[in-house]
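Here is a short tour of a protein model, written to be read with the structure open beside you.

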Amino acid sequence: QEGAEFFIVLDVSKSMLSEDVKPNRLERVRQSILELLDLLPGDRVGLIPFASDAYIQLPLTDDYEMVKMFLDSVDTEMMGGGGTNVAKALEISKDSFENAGEGERVLILFSDGEEHNEEALKAAKKLSKIRIYTIGAGSLEGSLIPELDQNGNKIGFKKDSEGNYITSKINLKLLNDLALSASGRSYTLSLAGNEIRHLYDELEFLKRGEKKESQSKDYFRLYQFFLGFGILLFLLGYFYESKS
């Protein structure tokens with residue numbers, strides 16, 4: 001089969017709980033990814049969640065049901081520490097295409113772009129032959145960041161070290177610069193919800209190549225159970241005959 005290779009790079013920092021995009025940024029992103037999966041024609045997809053750190057949650061696969069299952073488990077508690085380290089996510093992405101096929105290699109970054117250093121752009125420029133498309137979640141006006149208890153119930157809003165409420169705003173400039181630095185395009189989640197369709201229209205023209213896949217079968221021998229049962233019956237019959 002022919003296809004492209006997509007890694008969905010998903011921001012799971014605490015700021016993604018902000019509710020300036022309903023029901024909140026993270027949930028809206030999750031819905032958008034599901035919409036995208038329903039449009040893709042069988043390309044391979046992987047998942048890389050990130051906050052202050054990043055890791056490959058799901059390697060490239062064309063099993064979209066598995067992608068949806070892993071996506072369902074994504075939340076803001078899956079990674080310790082605070083902050084948003086976009087650069088770390090991009091660095092991991094660079095090595096994630098090691099076993100990719102000959103098709104186009106693409107990162108689709110869902111984030112509010114709230115990184116507080118300049119490392120992301122440096123990391124993006126090191127991604128050779130990898131396109132970056134960014135989908136921003138949030139508003140320019142910003143929103144407070146909900147604080148949740150262990151059961152996921154809202155108990156207030158996050159404050160800084162001085163006791164002031166923290167307002168999280170989308171960083172459109174960073175998201176635009178990341179996309180432009182890697183031959184991609186930037187989109188923002190909107191009320192109309194057309195951005196995923198526009199993104200798919202863009203992805204549709206990417207080069208598709210032969211997918212490198214391998215299958216293996218592991219066989220487990222079961223004859224020993226039947227053999228053991230047969231020996232047991234033989235011994236029982238032998239002793240029964242001897243007593244007779």
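A124 lies in helix 4, which spans residues 119-125; helices here are DSSP runs of H or I with at least four residues, strands are runs of E with at least two, and both are numbered from the N terminus. A124 has a relative accessibility of 1%, so it counts as buried. Buried means under 20% relative accessible area, exposed means over 50%, and partly exposed is in between, using a 1.4 Å probe and protein chains only. Leaving aside neighbours within four places in sequence, A124 is in contact (heavy atoms within 4.5 Å) with L90, I132, L178 and S181.

## About the model

This is a predicted model, in which local features need pLDDT of at least 70 and side-chain atom pairs count only at pLDDT 80 or more, while totals for chains, interfaces and linings use all residues. Residues are numbered from 1 along each chain as its sequence is written, and side-chain values use heavy atoms, leaving out hydrogens and water.

The protein has seven helices and 12 strands. Of its 244 residues, 43% are buried. Among contacts with a separation of 6 or more, 77% are between residues 24 or more positions apart.

How many residues does the largest nonpolar core have? It has 34, and those with the most contacts inside it are F6, L10, L40, I108, F110 and L203. A nonpolar core is a set of buried Ala, Val, Leu, Ile, Met, Phe, Trp, Tyr and Cys residues joined through side-chain atoms within 4.5 Å. Elements that each supply at least two residues of this core include strand 2 (5-11), helix 1 (25-39), strand 5 (105-111) and helix 6 (195-203). Helix 1 gives the largest share, five residues.

A second, separate core has 25 residues, and A124 is among them, along with A87, I92 and L109.

Helix 1 has 15 residues and reaches 21 Å from its first C-alpha to its last, close to the expected 21 Å; the expected span is 1.5 Å times one less than the number of residues. Its buried residues include L26, V29 and I33, and L10 touches these three as well. At the start of helix 1, a side-chain oxygen of N24 comes to within 3.1 Å of the backbone nitrogen of L26.

In helix 6, the buried residues are E195, I196, L199, Y200 and L203. They lie on the same side of helix 6 because they cover an arc of only 140 degrees around the axis, taken from the directions from the helix axis to the C-beta atoms. These residues pack against strand 2, helix 1, strand 5, strand 6 and strand 11 (186-188).

## Loops worth a look

Q57 sits in the loop between strand 3 and strand 4 (58-61). Is Q57 buried or exposed? With a relative accessible area of 13%, Q57 is buried. Among the residues it touches are L47, F70, S73 and M78.

Most residues other than glycine have a negative phi, and most peptide bonds are trans. S183 is not a glycine, yet has a positive phi of about 55 degrees. S183 is exposed, with a relative accessible area of 52%. The peptide bond from K22 to P23 is cis, with omega near -5 degrees, and P23 lies in the loop between strand 2 and helix 1.

Note on methods:
A polar contact is a pair of N or O atoms within 3.5 Å; within protein, one must be able to donate a hydrogen and the other to accept it, and residues adjacent in sequence count only if both atoms are side-chain atoms.
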